[in-house]
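Subject: Handover of a structure and findings

Dear colleague,

Please find below the structure that I am handing over to you. My findings follow it, grouped by topic.

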Amino acid sequence: MPLAHSRLTAQGQVSIPAAVRRKMGIGPGSVIGWDEDGDKITVRRSGLYTSLDAHHALFPGGTPPFRTVEEMKPGIQDLMRKKHLARKMRAVDTIFS
């Protein structure tokens, strides 16, 4: 019994049913490959990683909580201070070397 069916358009396009996309772990922007084996054609996920894989790698503990710009401002200001201080220290080191 087939997992799903698709219809070929006049332009040669095929929509991949949602159940198949979920099972293959693909989404918008995913690359799929077509393999020939005798009289059978196999469709496979071509890329090694999906956007969902990247998301899990970046956020292993789950999606971070939503924060407003006001909540992030102190952290951004601290980061910029450290960045510019390091740049000034390198300039001073260059002058006195």
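Is Glu 70 buried or exposed? With a relative accessible area of 56%, Glu 70 is exposed, because exposed means over 50%. Please bear in mind throughout that this is a predicted model.

Salt bridges

The count of salt bridges comes to three. Side chains of opposite charge can pair when their charged atoms come close.

One of these pairs joins Glu 70 to Lys 73, with 3.4 Å between the closest N and O atoms. Glu 70 and Lys 73 are three residues apart in helix H3, so about one helical turn separates them. Whereas Glu 70 is exposed, Lys 73 is partly exposed, its relative accessible area being 38%.

Another salt bridge brings together the side chains of Asp 78 and Lys 82, at 3.4 Å from N to O. Both residues belong to helix H3, where Asp 78 and Lys 82 are four residues apart, about one turn of the helix. Asp 78 has a relative accessible area of 33% and is therefore partly exposed. Lys 82, with a relative accessible area of 53%, is exposed.

A further salt bridge links the side chains of Arg 44 and Asp 35, with an N to O distance of 2.6 Å. Arg 44 counts as partly exposed because its relative accessibility is 35%.

Helix H3 covers residues 69-95 and includes Ala 86. Ala 86 has a relative accessibility of 34%, so this residue counts as partly exposed. From Ala 86 to Pro 60 there are 26 residues in sequence, and the C-alpha to C-alpha distance between the two is 30 Å.

A nonpolar patch on the surface is formed by Val 69, Met 72, Ile 76 and Met 80. Together these four residues have about 340 Å² of accessible area. Met 72, one of the members of the patch, has its place in helix H3. At 37% relative accessibility, Met 72 is classed as partly exposed.

The largest pocket

The largest pocket holds about 160 Å³ of space. Its lining consists of Ser 6, Val 14, Ser 15, Ile 16, Pro 17, Val 20, Met 24, Ile 32, Trp 34 and Val 43. Which elements each supply at least two residues of this lining? They are helix H1 (18-24) and strand S1 (32-37). In terms of class, eight of the lining residues are nonpolar and two are polar, while none is charged.

Met 24 is among the residues that line the largest pocket, and Met 24 is found in helix H1. Why does Met 24 count as buried? Its relative accessibility is 19%, and buried means under 20%, so Met 24 falls within that class. Met 24 also gives a reference point for Asp 35: the two are 11 residues apart in sequence, with 15 Å between their C-alpha atoms. As noted above, Asp 35 is the salt-bridge partner of Arg 44.

Yours sincerely

Key:
Residues numbered from 1 in each chain as written. Predicted model: local features only at pLDDT ≥ 70, side-chain atom pairs only at ≥ 80, totals over all residues. Heavy atoms only, no water. Buried < 20%, exposed > 50% of the residue type's maximum accessible area, 1.4 Å probe, protein only. 1 Å grid on protein atoms, 1.4 Å probe; cavity = no way out; pocket = protein on both sides within 12 Å on 5 of 7 lines; lining within 4 Å. Points joined across faces, edges and corners; volume = space filled by probe spheres on them. Nonpolar A, V, L, I, M, F, W, Y, C, P; charged D, E, K, R; others polar. Patch = residues over 30% accessible without salt bridge, like charges linked within 9 Å, V, L, I, M, F, W, Y side chains within 5 Å. Areas by Shrake-Rupley, 256 points an atom, 1.4 Å probe, with all protein chains shown as cover.
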